[in-house]
Amino acid sequence: MSLSTNTEITQAATIAALTSEIIIHPMDTIITRMQSPVYTTIYKHSNGSLNRTIFHGLYQGFGPTLLAGTLSSAAFFTTYEASKKAFENAQSAGYMLGVPRSVFHVASSALAELIACAILNPAEVLKQNAQVVQRPPSTSVSGISTSPTAEILKQFQRQPSKLWTGYTALVASQLPSICLTFCLYEMIKETLLERWNYQKENNDPAKQLQATVLSAGIAGGCASWFFVPIDVVKTRMRLAIGEHGHGQTRVPKLGIDGIRTSLQTRTGAFAVARDVLCKEGIAGLFRGSGLTFVTAVVGSALYIGCYEGCKVYLYT
């Protein structure tokens with residue numbers, strides 16, 4: 001892959017990440033609050049209706065996500081395109097004959113996602129802890145207000161390694177989801193283009209972009225729903241490390257009944273999953289699944305569509 005091609009991929013991935021993060025972040029904030037252990041005590045009324053506080057500060061934690069999102073996006077697509085090209089070249093040279101193209105897509109997306117997750121995880125930890133801060137930003141001695149993200153960042157200064165908390169859970173949720181998404185995306189896209197009698201030499205970017213958006217949305221939505229329980233566990237682990245809840249910057253880790261839970265000493269993924277299952281049942285592990293599905297459909301279509309669109313524009 002040439003240097004110019006790498007530059008164009010990086011630019012397209014960065015633009016796609018910027019666009020999708022700006023639009024999707026508010027929905028992601030609501031999902032995080034729905035999946036937090038204090039959802040029923042802070043974000044819901046006793047009659048089951050939503051508290052207006054769930055819609056406040058929807059862009060809290062946006063800064064770290066935007067920065068890491070653009071970097072991880074560039075790393076992901078650069079790795080994905082390079083790996084996919086390498087597999088295709090190897091097959092053209094007579095190696096791995098008979099191996100389905102879907103295998104190449106799965107392997108390429110898996111490698112790319114492992115790298116992207118390592119970049120993205122610290123920002124996700126900061127973002128999700130900032131998203132559940134419930135008090136107004138503090139004011140320093142100089143009179144300058146401090147953002148929720150800055151408040152959270154101070155908590156990790158002594159133990160920056162904590163920023164990688166939940167990396168295994170992130171990989172566990174993202175890797176199968178991303179592999180399934182890109183496998184479905186490539187298959188659906190190829191099928192749509194074949195049905196539309198699309199000829200590559202005709203160079204019809206509008207039809208190609210239409211197929212990309214449709215297939216990405218379908219693939220992203222289908223893949224996301226299956227991994228909601230892992231997302232819930234991942235969110236709980238990160239919020240437990242940040243110690244967030246109601247009314248303060250640092251608060252106890254609250255269970256569904258408002259009592260300190262065993263998550264203080266047991267923050268492993270299986271311990272968190274058991275805690276949620278015991279207190280909230282299966283419904284707790286699938287909390288926010290509807291909004292997660294909608295967000296995945298919109299986010300995948302926007303993200304991959306924007307990437308492919310920018311790539312076509314930059315290549316021409």
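# Close-up views

**View 1. Lys 234 counts as buried, with a relative accessibility of 7%.** Buried means under 20% relative accessible area, exposed over 50%, and partly exposed in between (1.4 Å probe, protein chains only). This is a predicted model: local features need pLDDT of at least 70, side-chain atom pairs count only at pLDDT 80 or more, and totals for chains, interfaces and linings use all residues. Residues are numbered from 1 along each chain as its sequence is written, and side-chain values use heavy atoms, with hydrogens and water left out. The partner of Lys 234 in a salt bridge is Asp 231, with 3.2 Å between the closest N and O atoms. A salt bridge is a side-chain nitrogen of Lys or Arg within 4 Å of a carboxyl oxygen of Asp or Glu. Asp 231 is also buried, at 17% relative accessibility. The two residues sit three apart in helix α8 (residues 228-242), so about one helical turn separates Lys 234 from Asp 231. Helices (H or I, at least four residues) and strands (E, at least two) are DSSP runs, numbered from the N terminus.

**View 2. A salt bridge joins Glu 308 and Lys 311 within helix α10.** The closest N and O atoms of this pair are 3.6 Å apart. Three residues, about one turn of the helix, separate Glu 308 from Lys 311. Glu 308 is buried, at 13% relative accessible area. Lys 311 is buried as well, at 11%.

**View 3. Glu 88 and Arg 101 form a salt bridge through their side chains.** The N to O distance is 3.6 Å. Glu 88 belongs to helix α3 (residues 62-92) and Arg 101 to helix α4 (residues 101-131), so the bridge ties together parts 13 residues apart in sequence. Glu 88 is partly exposed, at 23% relative accessible area. Arg 101 is partly exposed too, at 40%. The count of salt bridges comes to nine.

**View 4. Met 96 has a positive phi, near 55 degrees.** Most residues other than glycine have a negative phi. Met 96 sits in the loop between α3 and α4. With a relative accessibility of 34%, Met 96 is partly exposed.

**View 5. Helix α7 (residues 205-225) meets helix α10 (residues 289-315).** Their axes come within 7 Å and cross at roughly 150 degrees. Axes are lines fitted to C-alpha atoms, for helices over the stretch in contact, and angles run from 0 to 180 degrees between N-to-C directions. The two helices are therefore roughly antiparallel, a term for angles over 145 degrees. The crossing of α7 past α10 is right-handed: the near helix is turned clockwise from the far one by less than a right angle. Among the α7 residues in contact (heavy atoms within 4.5 Å) are Leu 209, Val 213, Ala 216, Gly 217, Gly 220, Gly 221 and Trp 225. The α10 side includes Phe 293, Ala 296, Val 297, Ala 301, Ile 304, Gly 305, Glu 308 and Gly 309. By class, this contact has 12 nonpolar, 10 polar and one charged residues. Ala, Val, Leu, Ile, Met, Phe, Trp, Tyr, Cys and Pro count as nonpolar, Asp, Glu, Lys and Arg as charged, and the others, Gly among them, as polar.

**View 6. The chain has 10 helices and zero strands.** Of its 316 residues, 48% are buried. Take contacts between residues at least 6 apart in sequence: 77% of them join residues at least 24 apart.

Methods. Parallel < 35°, antiparallel > 145°, perpendicular 65-115°, else oblique.
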